[in-house]
Amino acid sequence: MVLARSLGAALVTGASQGIGKAVAMRLAFDGYKVALNDLAHKREQLEAIAEDIDQKFGSGTFVIPADVSQEEQVKQMISSTSKALDGLDVVVANAGIVGLLKPITDISMKEWDQIHQVNTRGVFMCYKWAAREMIARGSRGRIIGASSNVGKQGVPNAAAYVSSKFGIRGLTQSAALELGKYGITVNAYAPGPIETPMLKDILDDPSTLPKVESLGLKSEIGQPEDIASIVSYLASKEAHYITGQTICVNGGMYFD
Ligand code: NAD
């Protein structure tokens, strides 16, 4: 269902759960038509969220499963979203994976590549195709990516994840400098520990517990809605003068 009156069209990747779901719900609440992406096997969860959004806000939804680590799928996801929702104003490249906690001496190249394929390559491709579409449509859009607290301060036993999240900051700065002339802003969020299935998987795995200590997860755990609210602001008109930033949302766990 797509209604005529709206703030514009937003796409959120990794939207079937956790932070992505909260961001999608918040953007729908704000008045955006929302495209919901996740891996193909999450289609049912995406459809349930779309139904919930349609019932609560009636703002319009589009379910678009795709693997963000595959360029052809990202290209298709962007173009079909833009067609289905008649525009593309906000893209939130949220999808990410953490992998197993291990010291660098034990990380295989396969594990390294898997994490970077989704967390850096995937976000890069979302930025690239979102930017192309926004430029082509003359949309003064908002591109927003997922970094992390550990994209600003390294921790042991997560080198592939940490480096992928540091990468998002550089990518975000370069993209912001290039896209400013089109009126497009590019920013990222850097969450501390947030209560999502990703964090639960880490905390519930007894084999990772000794390593979890080293991550410094002692501060208060935040909620996905804490991230959704900063995304809502970055997507808003008022945030037009903020670009190239990776913004900590971490309850004071770490200061830049
Ligand atoms: P999550 O694991 O709960 O949800 C991530 C979603 O991304 C999942 O639904 C998953 O299916 C999807 N996904 C994974 N690979 C994908 C792919 N190739 N294509 C499309 N979708 C894919 O994670 P979350 O905690 O909600 O985290 C969201 C983002 O925030 C991630 O980038 C994560 O690294 C980052 N982050 C999370 C925390 C935290 O404490 N939860 C902290 C810092 C940063």
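## Pockets and strand core

Helix H1 (18-30), helix H5 (159-179), strand S6 (185-191) and helix H6 (197-204) each supply at least two residues of the lining of the largest pocket; helices (H or I, at least four residues) and strands (E, at least two) are DSSP runs, numbered from the N terminus. This is a predicted model, in which local features need pLDDT of at least 70 and side-chain atom pairs count only at pLDDT 80 or more, whereas totals for chains, interfaces and linings use all residues. Residues are numbered from 1 along each chain as its sequence is written, and side-chain values use heavy atoms, with hydrogens and water left out.

A pocket here is an open set of points on a 1 Å grid over the protein atoms alone, where a 1.4 Å probe fits and protein lies on both sides within 12 Å along at least five of seven lines; lining residues have an atom within 4 Å of a point. Grid points are joined across faces, edges and corners, and a volume is the space filled by probe spheres set on the points. In the classes tabulated below, Ala, Val, Leu, Ile, Met, Phe, Trp, Tyr, Cys and Pro count as nonpolar, Asp, Glu, Lys and Arg as charged, and the others, Gly among them, as polar.

| Pocket | Volume | Lining by class |
|---|---|---|
| Largest pocket | about 1100 Å³ | 26 nonpolar, 16 polar, six charged residues |
| Second largest pocket | about 410 Å³ | five nonpolar, nine polar, six charged residues |

H6 gives the most to the lining of the largest pocket, with five residues. The second largest pocket is lined by 20 residues, and those nearest its centre are Arg 140, Arg 142, Ala 235, Ser 236 and Lys 237.

Arg 142 also belongs to strand S5 (residues 142-146), where five of five residues are buried, that is, under 20% relative accessible area with a 1.4 Å probe and protein chains only. Burial extends to both faces of S5, with Arg 142, Ile 144 and Ala 146 on one side and Ile 143 and Gly 145 on the other.

Strand S4 (residues 90-93) runs parallel to S5 and is joined to it by four bridges, where pairing requires that DSSP finds at least two bridges between two strands. Within this pair, Val 92 stands opposite Ile 144. S5 also pairs with S6 in the parallel sense, over five bridges, and Arg 142 has Thr 185 in S6 as its bridge partner.

Note on methods. Buried means under 20% relative accessible area, exposed over 50%, partly exposed in between (1.4 Å probe, protein chains only).
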